[in-house]
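Hi,

Here is the structure I promised to send over. Have a look at it first, and then read on for what turned up in it.

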Amino acid sequence: MKSHSYIVILLAVCLMLSVPVLAQKTAQALPKVITESFTVYGVCGECKERIEAAVDIKGVKIANYDISKETLTITYKTKKLSRAQIHQTIADAGHDTCDIQASDSAYNGLSACCKYRDPNNPHKCEDHKEESQDQDDRK
């Protein structure tokens, strides 16, 4: 009976020592602050302002939208925001991202010069005109 008690105590001690190690590994799995870049569709300075304003929220340290590359570079706190939340916030403002498409009602609320899906938009770069034409051809 005594050896059984020693085994139980030894197992309990091992378990107590392993829990902090596992918790520490889990906490290290996701950095507290990360910087990511991803595609957000926009065509003009007004789009840039709208996209950057959309992500001017608690948890975002800095955000910069590059119109020519259609890329948002954002630094944010992972404990406050997720990547999915950031993409949804941008889509809610009317802009498609590489992960989420804006609803038609959000997109239709954009100014005429910001209609990045319109192949006839004069602000639209040639790459997107070709991309839109390819999509039209597939329909």
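Let me start with a rule for aromatic rings: those of Phe, Tyr and Trp (its six-membered ring) pair if their centres lie within 6.5 Å, and planes under 30 degrees apart count as stacked, over 60 as edge-to-face and the rest as tilted. Please keep in mind that this is a predicted model, where local features need pLDDT of at least 70 and side-chain atom pairs count only at pLDDT 80 or more, while totals for chains, interfaces and linings use all residues. Residues are numbered from 1 along each chain as its sequence is written, and side-chain values use heavy atoms, with hydrogens and water left out.

By the ring rule there are 2 aromatic pairs. Tyr41 and Tyr116 are stacked, at 6.3 Å centre to centre and with 20° between the planes. Tyr41 sits in the loop between E1 and H2, and Tyr116 in the loop between H4 and helix H5 (126–138), so this pair ties together parts that are 75 residues apart in sequence. Tyr107 and Tyr116 have ring centres 5.0 Å apart and planes at 80°, so they are edge-to-face. Together, Tyr41, Tyr107 and Tyr116 make up one aromatic cluster.

Tyr116 is buried at 4%, and Tyr107 is buried at 8%. Tyr41 is partly exposed at 22%.

Asp104 belongs to helix H4 (residues 104–108).

Now for the overall layout. The protein has 5 helices and 3 strands, in the order α-β-α-β-β-α-α-α from the N terminus. These are DSSP runs numbered from the N terminus, with helices (H or I) of at least four residues and strands (E) of at least two. Strands E2 (residues 60–66) and E3 (residues 71–77) pair in the antiparallel sense over 6 bridges, where pairing takes at least two DSSP bridges. Glu70, in the turn of this hairpin, has a positive phi of about 50°. Glu70 is buried at 7% relative accessibility, and its side chain reaches the backbone nitrogen of Gly42 at 3.5 Å.

Finally, the largest nonpolar core has 22 residues, and Phe38, Val40, Leu72, Ile74, Tyr76, Ile86 and Ile90 touch the most other members. A nonpolar core is a set of buried Ala, Val, Leu, Ile, Met, Phe, Trp, Tyr and Cys residues joined through side-chain atoms within 4.5 Å.

Best wishes

Key: Buried means under 20% relative accessible area, exposed over 50%, partly exposed in between (1.4 Å probe, protein chains only). A polar contact is a pair of N or O atoms within 3.5 Å; within protein, one must be able to donate a hydrogen and the other to accept it, and residues adjacent in sequence count only if both atoms are side-chain atoms.
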